[in-house]
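My entries follow in the order in which I looked.

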Amino acid sequence: AEPAMHGPVEVLSRDAVLAFGSGMEQCLQSLNSSLGEWGEDWFLEHCLSELGVNHLDEFSMLNDQDCQSQPWPCESAHAAFQPFKSVEKYLACTENAELRGAWP
């Protein structure tokens, strides 16, 4: 399956960051025609792929409504919850996770 980075959680190894930094010019040239169409997660994913950086899927880190899960009330053991687009909703989720979250 094709890799798919998802904006709320993007975790990179040190080697991936180094490859991204040293290969940025190559990526800017080859992906130039798509720069205005997609977000940073798309660019990062495609750049790393072009540079030969392997990916690892870890879907359990994110509780995301866009992926048919129910993030609210933010009490499950996840690194991130999505979407909470307003500051008020984000802070309510964060507070609830800290106070009532079930962490391993």
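Entry on the cut-off. I took as a disulfide a pair of cysteine sulfur atoms within 2.5 Å. The model is predicted, so I looked up the confidence before going further.

Entry on confidence. I read a mean pLDDT of 85 for the protein, with 95% of its residues at 70 or more.

Entry on the fold. I found three helices and two strands. Along the sequence they follow the pattern α-α-β-β-α. The radius of gyration is 16 Å, well over the 13 Å that the globule rule gives for 104 residues, so the protein is more spread out than a compact globule. Along the principal axes, the C-alpha atoms fill a box of roughly 45 × 30 × 25 Å. Buried residues make up 24% of the 104 residues. I put the accessible surface at about 7,400 Å², and 53% of this area belongs to carbon and sulfur atoms. Of the contacts with a separation of 6 or more, 46% are between residues 24 or more positions apart.

Entry on the disulfides. How many disulfides does the structure hold? I found two. Counting bonded cysteines along the chain, I get the pattern 1-2, 3-4.

C27 lies in helix α1 and C47 in helix α2, and the pair links distant parts of the chain, 20 residues apart. Both C27 and C47 are buried.

The disulfide between C74 and C93 also has its S to S distance at 2.0 Å. Its torsion about the S-S bond of C74 and C93 is about -115°, so I noted this disulfide as left-handed. Here the linked parts are the loop between β1 and β2 (80-82), which holds C74, and helix α3, which holds C93; the two cysteines are 19 residues apart. I checked burial with a cut-off of under 20% relative accessible area. C74 counts as buried at 0% relative accessibility, and C93 is buried with a relative accessible area of 4%.

Entry on helix α2. Which residues of helix α2 (residues 40-50) are buried? I listed D41, W42, F43, L44, E45, C47 and L48. The buried residues of α2 pack against α1 (14-30). After α2 comes G52, with a positive phi near 80°.

Entry on the aromatic rings. A pair of aromatic rings is described by the distance of the centres and the angle of the planes. I counted three aromatic pairs. F20 and F43 form one that is edge-to-face, at 6.3 Å centre to centre and 75° between the planes. F20 lies in helix α1 and F43 in helix α2, so this pair ties together parts that are 23 residues apart in sequence. F20 and F43 are both buried. The rings of W38 and W42 have their centres 5.7 Å apart and their planes at 15°, so I filed this pair as stacked.

Entry on the backbone. I looked for cis peptide bonds and noted one that joins W72 and P73, with omega about 20°. P73 is in the loop between β1 and β2. The peptide bond from Q82 to P83 is also cis, with omega near -5°, and P83 is found in the loop between β2 and α3. C74 has a positive phi of about 60° although it is not a glycine; this cysteine is found in the loop between β1 and β2.

Entry on V87. Is V87 buried or exposed? At 62% relative accessibility, V87 counts as exposed. V87 is in helix α3 (residues 87-100). From C47 I get 40 residues in sequence and 31 Å in space to V87, C-alpha to C-alpha.

Notes. Residues are numbered from 1 along each chain as its sequence is written. This is a predicted model: local features need pLDDT of at least 70, side-chain atom pairs count only at pLDDT 80 or more; totals for chains, interfaces and linings use all residues. Side-chain values use heavy atoms; hydrogens and water are left out. Buried means under 20% relative accessible area, exposed over 50%, partly exposed in between (1.4 Å probe, protein chains only). Helices (H or I, at least four residues) and strands (E, at least two) are DSSP runs, numbered from the N terminus. Contact means heavy atoms within 4.5 Å. pLDDT is the predictor's confidence in each residue, from 0 to 100. Rings of Phe, Tyr and Trp (its six-membered ring) pair if their centres lie within 6.5 Å; planes under 30 degrees apart count as stacked, over 60 as edge-to-face and the rest as tilted. The radius of gyration is taken over C-alpha atoms; the globule rule is 2.2 Å times the number of residues to the power 0.38. Accessible areas come from the Shrake-Rupley method with a 1.4 Å probe; for residues, only the protein chains shown count as cover.
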